[in-house]
Amino acid sequence: MTNYQSDLLRLLNDRGYIHQLTDADALDNLATKSVIPGYIGFDVTADSLHVGNLVQIMLLRRLQQAGHKPIVVMGGGTTKVGDPSGKDEVRKLLDDEGIAANFAKIRGSFENFLTFGDGPTDAIMVNNDDWLGRLEYIPFLRDVGRHFTINRMLTFDSVKLRLEREQPLTFLEFNYMILQAYDFLELSRQYQCKLQLGGSDQWGNIVNGIELGRRIDGSELFGVTTPLITKADGSKMGKSVDGAIWLNADRLSPYDYWQFWRNTDDRDVGKFMRLFTDIDLSEIARLEALEGSEVNEAKKILADAATTMAHGENAAKLAAETARQTFEQGNAGGDLPVFETAASELSILDALVGIGFCASKGEAKRLVKGGGARIEGEPVHDVDQMISLGDTETKISAGKKKHGLLRKL
């Protein structure tokens, strides 16, 4: 069904979010009559979310834009177990302090995308450790575990793929899908939550929660999944050659975030505008029809819109101006990363590692030998070259897209 009546499903469909739906007709009908609380869970395994999480955050934003209520479930409890979906090995388990620290750092990201408050469509944030942490093992097995068969659990991709690759799957991880299903049950009871959203790899977990709610409480619950978001070259969204594209500014500068979007493949511009910005669909249609050098202007519009959403309008403007000065005028823009040192001179290898362009001196050596390092625009070929630092800043570059400043304290 694609002729949806509700604003919610029309919005999700038109912008390319829908991959799978449970009972599309009933969900569509419900969304036209009442405010639907819907949730997505985010485990707190790192101190920042990244662009790979962004489509899920945008799903909650779309839910709110269509007049419904987003529930952000922070996985303080499930992080203690670890989601095996898409993983070949066991996650490193965090202690309570590590989980709490990550929780505190992550929560600010959502405030840039959602409106929180006490109103009927205001977003709320909850921690699943509040209920999972209180569970008693035997009663949980008796009341909830009996609704899950090992036969069925073995058919889910998160389990099947790990076993096919002969990678160990711990009993702890095996419980993850039961705990996630229980989340849906608890959210239905506490917040009248009717909808779980997630990526396509979460389909089995979502269906488990829907069935658990029906069996135990007789609740009618729904699920929506998004397609796997890949770039035109087939690589997974959220990664670059330099690693994860973090949402927190202390992990990745707004300038580097802007550059990530500016470097979007021509073929992805329209898709990414629909998924990751609020640009009107008719304007997107116009922009994605541009050809030749005009496509670069569309990419800048994408970068501006995405960076404004994640970091604010001022940060986006500064990033765009820094890029303009750096690339169009050949100057060092004001938002470039800076490495400060008390030394009067610095080796090229120490400079590349210190500013964060390379993770190690070995990586820096390979960059220099490959001709990818430049000082003030001039290539550096000697791995032992020293850089003299005076009263003025020195521009350092790695490849075509990484630029920074060396500064003497």
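This is a predicted model: local features need pLDDT of at least 70, side-chain atom pairs count only at pLDDT 80 or more; totals for chains, interfaces and linings use all residues.

Author: Residues are numbered from 1 along each chain as its sequence is written, and side-chain values use heavy atoms, with hydrogens and water left out.

Reader: Why is Ala66 called buried?

Author: Buried means under 20% relative accessible area, exposed over 50%, and partly exposed in between, with a 1.4 Å probe and protein chains only. Ala66 has a relative accessible area of 16%, so the residue is buried. Ala66 lies in the loop between helix 3 (51-65) and strand 3 (69-75); helices (H or I, at least four residues) and strands (E, at least two) are DSSP runs, numbered from the N terminus.

Reader: What is Ala66 in contact with, leaving aside its neighbours within four places in sequence?

Author: Contact means heavy atoms within 4.5 Å. On that basis the partners of Ala66, neighbours within four places in sequence aside, are Asp7, Leu8 and Leu11.

Reader: How do you know that the span of helix 15 agrees with its number of residues?

Author: The expected span is 1.5 Å times one less than the number of residues. Helix 15 (residues 294-311) has 18 residues and should therefore span 26 Å; its end C-alpha atoms are 26 Å apart, which agrees.

Reader: What makes the buried residues of helix 15 line one face?

Author: The arc is that of the directions from the helix axis to the C-beta atoms. The buried residues of helix 15, among them Val295, Leu302 and Met309, fall within an arc of 165 degrees, so they line one face of the helix. Just after helix 15, Gly312 takes a positive phi of about 100 degrees.

Reader: Which residues have the most contacts inside the largest nonpolar core?

Author: A nonpolar core is a set of buried Ala, Val, Leu, Ile, Met, Phe, Trp, Tyr and Cys residues joined through side-chain atoms within 4.5 Å. The largest has 67 residues, and Phe110, Trp261 and Phe276 have the most contacts inside it. Helix 3 gives the most to this core, with eight residues.

Reader: What makes strand 9 an edge strand?

Author: Two strands pair if DSSP finds at least two bridges between them. Strand 9 (338-341) pairs on one side only. Its pairing with strand 15 (residues 402-408) is parallel, over four bridges.
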